[in-house]
Each structure stands twice: as structure tokens, then as C-alpha cells.
Amino acid sequence: MKLRRWMTREKVTYMAMSDRIGRSHSVVQRYCTGERIPGRDAMVKIYVVTNGEVQPNDFYDLPTLAVNAPATSSVNGAAEALDHV
């Protein structure tokens, strides 16, 4: 789940989230807009504060892998998608 979506659902403001993870509200805003990706310490704090609902991979626009497809085809599809980035 994206951080912005979690914060909206939980009605958490940038300022409240910044207090919870020890970062400025402008940095939290940049995390939400994708302008900045949290470093290791902030990433762990976000994960803990959101009870694992916002995970490190949520900060990257990774391709969705097919759930029922064989692993090799899913991986190959993801690799092909990355070739176009």
C-alpha cells in the first residue's frame, strides 16, 4: 500500500506522520508524492508505524507479477517490463 493511501485511510496528516517517524513534514510529503524514497531508518519506522501495511517495495513502481503464472514467466515478464523503463 502506498504511504499516501495509508495516511488518507487512517486520517494521518503529514505533521502527525513526521512526528511518528522523526522526519520533517515536507520530507513525508515528498515520500507520498514519490519525489523521495525513504532511507533505511525511515523505511523501518514507516513499516512499524503502519503495522507492515506500507512496505519498502511500495515506494517503487514495480510491475505486478501474475499470481498463477509459472515463476519463470512472471520473472521474464518483469524483466521485459524493466527493459522499457
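In which helix is Ser18 found? Ser18 belongs to helix α2, which covers residues 14-21; helices (H or I, at least four residues) and strands (E, at least two) are DSSP runs, numbered from the N terminus. The model is a predicted one, in which local features need pLDDT of at least 70 and side-chain atom pairs count only at pLDDT 80 or more, whereas totals for chains, interfaces and linings use all residues. Residues are numbered from 1 along each chain as its sequence is written, and side-chain values use heavy atoms, with hydrogens and water left out.

The protein chain contains 5 helices and 0 strands, and its pattern along the sequence reads α-α-α-α-α. Of its 85 residues, 26% count as buried, where buried means under 20% relative accessible area, exposed over 50%, and partly exposed in between (1.4 Å probe, protein chains only). The accessible surface of the protein chain is about 6,100 Å², and 52% of this area belongs to carbon and sulfur atoms. Accessible areas were computed by the Shrake-Rupley method with a 1.4 Å probe; for residues, only the protein chains shown count as cover. Among contacts (heavy atoms within 4.5 Å) between residues at least 6 apart in sequence, 37% join residues at least 24 apart.

Ser18 counts as buried, at 5% relative accessibility. When its neighbours within four places in sequence are left aside, Ser18 is in contact with Arg23, Ser24, His25 and Val28.

The structure holds 1 aromatic pair. The ring centres of Tyr31 and Phe59 lie 6.5 Å apart with the planes at 75°, so the pair is edge-to-face. Tyr31 is part of helix α3 (residues 25-33) and Phe59 of the loop between α4 and α5, so this pair ties together parts that are 28 residues apart in sequence. Rings of Phe, Tyr and Trp (its six-membered ring) are paired if their centres lie within 6.5 Å; planes under 30 degrees apart count as stacked, over 60 as edge-to-face and the rest as tilted. Both residues are buried: Tyr31 has a relative accessible area of 5%, and Phe59 one of 14%.

Charged side chains were examined next. A salt bridge is a side-chain nitrogen of Lys or Arg within 4 Å of a carboxyl oxygen of Asp or Glu, and by this rule the count is 3 salt bridges. One of them joins Lys2 to Asp61, with the closest N and O atoms 3.4 Å apart. Lys2 lies in the segment before α1 (3-10) and Asp61 in the loop between α4 (40-49) and α5 (71-83), so the pair ties together parts that are 59 residues apart in sequence. Lys2 is partly exposed, at 40% relative accessibility, whereas Asp61 is exposed, with a relative accessible area of 75%.

Arg9, Glu10 and Glu53 are linked in a network of salt bridges. Between Glu10 and Arg9 the closest N and O atoms are 2.8 Å apart, and between Arg9 and Glu53 they are 2.9 Å apart. Arg9 lies in helix α1 and Glu53 in the loop between α4 and α5, so the latter pair ties together parts that are 44 residues apart in sequence.
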